[in-house]
Amino acid sequence: MESKITKKPSATLTVNNKQLELPVYGGSVGPDVVDIRKLYTDGKVFTYDPGFTSTASCESQITYIDGDEGVLLYRGYPIDQLAEQSTFIEVCYLLANGELPNKAELDRFTRDITYHTMLHAQFDRFFEGFRRDAHPMAIMVGTVGALAAFYHDSTDIDDPKQRVIASHRLIAKMPTIAARAFKYSMGQPFISPRNELDYASNFLRMCFAVPAEDYKINPVLARAMDVFFILHADHEQNASTSTVRLAGSSGANPFACISSGIACLWGPAHGGANEAALKMLMEIGRPENIPAFIDKVKSKDSEVRLMGFGHRVYKNYDPRARAMQKLCHQVLHEVGDDNDPLLQVAKELERIALHDEYFIQRKLYPNVDFYSGITLKAMGFPMSMFTVLFAVARTVGWIAQWTEMMEDTSQKIGRPRQVYTGPTRRDYVPCAQRK
Ligand code: SDX
């Protein structure tokens, strides 16, 4: 990646009676950054930023978020336009290569991905090692890293060609692995990918087809799946992407790095929120139960949160939530469930929360996870598969960010420091002399 940061007037910091000049850089849009790389060597202090709320970990040209305005751009293109007009395979090309493809480029890329969707025949044995009731995310964490055991010809991270092949293999094989995790949990036979199908249709067929009858692709549900993947494809330096970058900074192979991203995404504060949000809506059950639930969320001694609400960056409506709500209506209509009681609860919960001072004051709005659970449930997925679907989509974002880091000459192994408040030096006391 060719750096495009621009120099701005420097900042001055006085610390330990020393005045330090800190360089300031600007990007194409968004906040400037203060370069603190020499802060410790020159000032003998660290910055302190648990959760990295005010820390830029890298320069990136992939995704831009304006949290105050509720803007999300993939390589400059607004997420709502991509959700309306693009396809996930085209968005994969855009995120990985930086530009929208022409027809020939798109056809070539589609073919490259399609012809990597199969798994090594021995790979299927991994699934047999899990209990049938294993959470599909446990299966994903366990199996994706094992791809490194099969594809040695694409683990040399210093070879650009191998980086591309590994990227194609991960984008292509994640749906096949995810569908196998789903089939395994149901005790149904695995369904192989079909090369004549598009990405989303292929995935739905691998999930829902059975050998006993022909599977008919529903174009409305296939498009909904494709848009779901587009909406979840990348999101700047979120927790799981930062995990992938940190793992990659040590030189770990891409399969291991993506496996670490899947592990991080599983948490309910992150990718696990779609499953948690649906559980919350089912627990509330009916609109008349909402006020009591909101009281629980607001009471200090309860750990209850409004799942699918709030965001570290968005202090406005998550633009993906709007697109997700529209998708939700389309899918519910298609499956004949326009009056899904969960949607009624979600819409009433959103209406009440958006008018409640507690949420307004904390700038808490629906995020991408608020409506996705209802949509996925209506498509036939069990809750345990929701975060797996998020991981399938986010793989292209993770691998695009990993590639950008590998090509960034300024990057080095990530190794944060700390402020230590533990015991200072003391001598060992033999057991017989202890109280
Ligand atoms: C994703 O980073 C990304 O980009 C992630 C993601 C992506 O695409 O990669 O967008 C995907 O992870 C979306 C977020 C999914 N998570 C949830 O929906 C879980 C519920 N939301 C939260 O737990 C929370 O909002 C976070 C984790 C998303 C963000 O938390 P922050 O920024 O660390 O905010 P905070 O915990 O410091 O909260 C600030 C205040 C607190 O109140 P006070 O202590 O100031 O009184 O807001 C409150 C919090 O208690 N708060 C909530 C709340 N979220 C924050 N109160 C009730 N319900 C919530 N959901």
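Modeller: Happy to! This is a predicted model, where local features need pLDDT of at least 70, side-chain atom pairs count only at pLDDT 80 or more, and totals for chains, interfaces and linings use all residues. Residues are numbered from 1 along each chain as its sequence is written, and side-chain values use heavy atoms, with hydrogens and water left out.

Colleague: How many disulfides does a search of the whole structure find?

Modeller: A disulfide here is a pair of cysteine sulfur atoms within 2.5 Å. The closest cysteine sulfur to that of Cys58 belongs to Cys257, 14 Å away, which is too far for a bond. For Cys328 the closest one is in Cys207, at 19 Å, again too far for a bond. The search of the whole structure gives a count of 0.

Colleague: Is Cys328 buried or exposed?

Modeller: Buried means under 20% relative accessible area, exposed means over 50%, and partly exposed lies in between (1.4 Å probe, protein chains only). Cys328 has a relative accessibility of 0%, so Cys328 is buried.

Colleague: What kind of aromatic pair do Phe182 and Phe208 form?

Modeller: Rings of Phe, Tyr and Trp (its six-membered ring) pair if their centres lie within 6.5 Å; planes under 30 degrees apart are stacked, over 60 edge-to-face, and the rest tilted. By this rule there are 23 aromatic pairs. In this one the centres are 5.7 Å apart and the planes stand at 75°, so the pair is edge-to-face.

Colleague: How many residues apart are Phe182 and Phe208?

Modeller: Helices (H or I, at least four residues) are DSSP runs, numbered from the N terminus. Phe182 is in helix α7 (residues 160-186) and Phe208 in helix α8 (residues 199-208), so the pair links distant parts of the chain. Phe182 is buried at 2% relative accessibility, while Phe208 is partly exposed at 25%.

Colleague: Which ring does Phe229 pair with, edge-to-face?

Modeller: The centres are 5.9 Å apart, with 85° between the planes. Phe229 lies in helix α9 (residues 219-231) and its partner in helix α8, 30 residues apart.

Colleague: Which ring does the charged end of Arg132 sit over?

Modeller: A charge sits over a ring if NZ of Lys or CZ of Arg is within 6 Å of the ring centre and within 35 degrees of the ring normal. Arg362 lies over the face of Tyr358, at 3.7 Å from the ring centre. For Arg132, 4.1 Å from the centre, the ring is that of Tyr184.

Definitions and conventions: Helices (H or I, at least four residues) and strands (E, at least two) are DSSP runs, numbered from the N terminus.
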